[in-house]
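Here's a quick briefing to read alongside the model. Have the sequence and the 3D view open as you go.

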Amino acid sequence: MQDILVRASGVRKHFGAFEAVKSVSLEIRRGECFGLLGPNGAGKSTFINMLYGTVLRSSGELTVFGEDPALNARAIKRRIGVVTQDNALDESLTVVENMLIYAAFVDVPKPERQKRVDTLLEFMSLGHKARGPIRFLSGGMKRRLVFVRALLGNPDLVILDEPTTGLDPAVRHLLWGKINQLKSEGKTILLTTHYMHEAEVLCDRLVIMNQGTVIAEGSPDALRQQHTPGYVAVFEKRDGVDFVQQAARSRSYQMIEDSSGVYVRAPQLTQLLQFQDDLKMTALQLRPSHLEDVFLKLTGQELTADA
Amino acid sequence: MLETLRLSSHIVRRNWWVYRKDFLANISPTITEPSLMMLSLGVGLGSFVAQVEGHTYLQYLAPGLAVSTAMFTAFFETSYGFFVRMTYENVFKAMLTTPIGISEIVIGEFLWVALKGALMMSFVALFLSFFGLFANPLRFELVPLVGVLIALPLGATGLLASCWVKNINQFQSVYAFVISPLYFFSGIFFPVAQMPQAMQWVAKSLPLYHAVQMSQAIFWDQDIGYAFLVHAPVLLIYSAVLLTLAYFQLKKKLQS
């Protein structure tokens, strides 16, 4: 029983002159939830597609379950389940038909298909929609369906490519719960997201990607401790920004400015409270630093910006 | 290879499930177009025509119309139908995360178009036989064979077009400059011997003419052995070449 399911070393992919992934190295261990974070265009999906051979890498070493996806994608695909970024559901078929077709794709034996489908639809509370066509489902329901579709083959590794993008908080939390449930069942999870908070909640370890490169790697806590320890005060951007900046600089606090505000970071919360008092200003937020601060610090760039 | 065929059969099943959803809507042009054609051309225009190669005009028209159904079915399924599956519905994206690979998708589409061509042509032939236009019912089992032999090269043409077009509207050019001329000048409506020599050569070098010849032999129960010996190999060669081209073009298109 090997403990490293995915091993990537110097993996690169270019499309013509465009380098989508530039030398990514990482390891995903059995039983963990591993995050691939980064803004749109960071290369997350390209990397994921390389794992099961839909995109062929240009160079580097890559194995999944010890197999090279460029040579033996099918062996890998028998052991993974993928929540694709696009739902890619058959809109003209019913919920159950979508699932049954897919169950055949992943080699669920015929006598077991109906039962497996029913169980999974219940798992996601979609049983009452089973006989209806896909177009009667809301966006959140479609996403839930794609989520359980990925589980039909009882995969060892579940790959979630932006599973919660565009979903309302209720559905997002529901899916988080299900992801944790899968983890407790011993499944290995690879999650891509551009929501840093999501990664903080779910991931044991993660890498942050930007413009095709891994810029940081570790557990959410370790990354925070290493790159942005302490607390953050966010001030509104308006007249007086320079004043805040100067004050922060004179106290040698970390300071980053972006279009949404000025972020001042200090080791202690009390220091920031004092800072507010000194400036006679009230921060929009006072909070412990989180992964978004790490990202901002490492890239000097807003998270939402397209790379 | 067996594994590939087994997985490809899932693609056929998937397409069939989607097709049967709107079965009546999907099947109606297959039925109505040949019927209308038989009425307007066969009965209407045909009343001005004495005999063509020893047959009434209705009898002459019937085998070609059956073939043209298979041809249109194959082309539309692999152009518009396939293109929509590939780009708008994104169905392959999900399939490719399963043990199904690009080869299985392409071979599955080949199998599907062959099956559909055979079924549609048989359907029309059966319909025409009710009007006494099919000479010998014992020959009926040969009809789906011709359906497959024309569906494969035309299906491959549609798939190649799907690789080359930049948007769905461009299929209209393929239709206008490839499919329509084939339809009108391959001996469905009149014997190609009526055309100037050069045009005859062109018609005889293209697949539809040979499928029409085979269909006529079967419908009329005339020289069937000769038709299979002479025309079937041409269609097989066309199928082999075009399917190979389509296979590699699609692999290139779907693999990045």
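**Briefing**

Helix 2 of chain B passes helix 5 of chain B in a right-handed crossing; a crossing is left-handed if the near helix is turned anticlockwise from the far one by less than a right angle, and right-handed if clockwise. Helices (H or I, at least four residues) and strands (E, at least two) are DSSP runs, numbered from the N terminus. This is a predicted model: local features need pLDDT of at least 70, side-chain atom pairs count only at pLDDT 80 or more, and totals for chains, interfaces and linings use all residues. Residues are numbered from 1 along each chain as its sequence is written, while chains are lettered from A and ligands numbered from 1 in the order in which they are written.

**The helix pair in chain B**

- The axes of helix 2 and helix 5 (residues 102–129) of chain B come within 10 Å and cross at roughly 45 degrees (axes are lines fitted to C-alpha atoms, for helices over the stretch in contact, and angles run from 0 to 180 degrees between N-to-C directions).
- That makes helix 2 of chain B and helix 5 of chain B oblique to each other (under 35 degrees counts as roughly parallel, over 145 as roughly antiparallel, 65 to 115 as roughly perpendicular and the rest as oblique).
- Helix 2 of chain B brings Thr30(B), Ile31(B) and Pro34(B) to the contact, and helix 5 of chain B brings Met120(B), Phe123(B), Val124(B) and Phe127(B) (in contact means C-beta atoms, placed from the backbone, within 7 Å).
- By class, the residues of this contact are 6 nonpolar, 1 polar and no charged (Ala, Val, Leu, Ile, Met, Phe, Trp, Tyr, Cys and Pro count as nonpolar, Asp, Glu, Lys and Arg as charged, and the others, Gly among them, as polar).

**Where the chains meet**

- 23 residues of chain A are in contact with 20 residues of chain B.
- Helix 3 of chain A gives the most to the side of chain A that touches chain B, with 4 residues.
- That side of chain A has 12 nonpolar, 3 polar and 8 charged residues.

**The sheet in chain A**

- Chain A has an open sheet of 3 strands in the order 2-1-4, with antiparallel pairing (two strands pair if DSSP finds at least two bridges between them).
- Strand 2 (18–29) and strand 4 (59–64) of chain A are the edge strands, each pairing on one side only.
- 5 bridges join strand 1 (residues 4–15) of chain A to strand 4 of chain A.

**Confidence**

- Chain B averages a pLDDT of 93 (the predictor's confidence in each residue, from 0 to 100).
- The model scores ipTM 0.85 and pTM 0.88.

Conventions:
Two residues are in contact if their C-beta atoms, placed from the backbone, lie within 7 Å.
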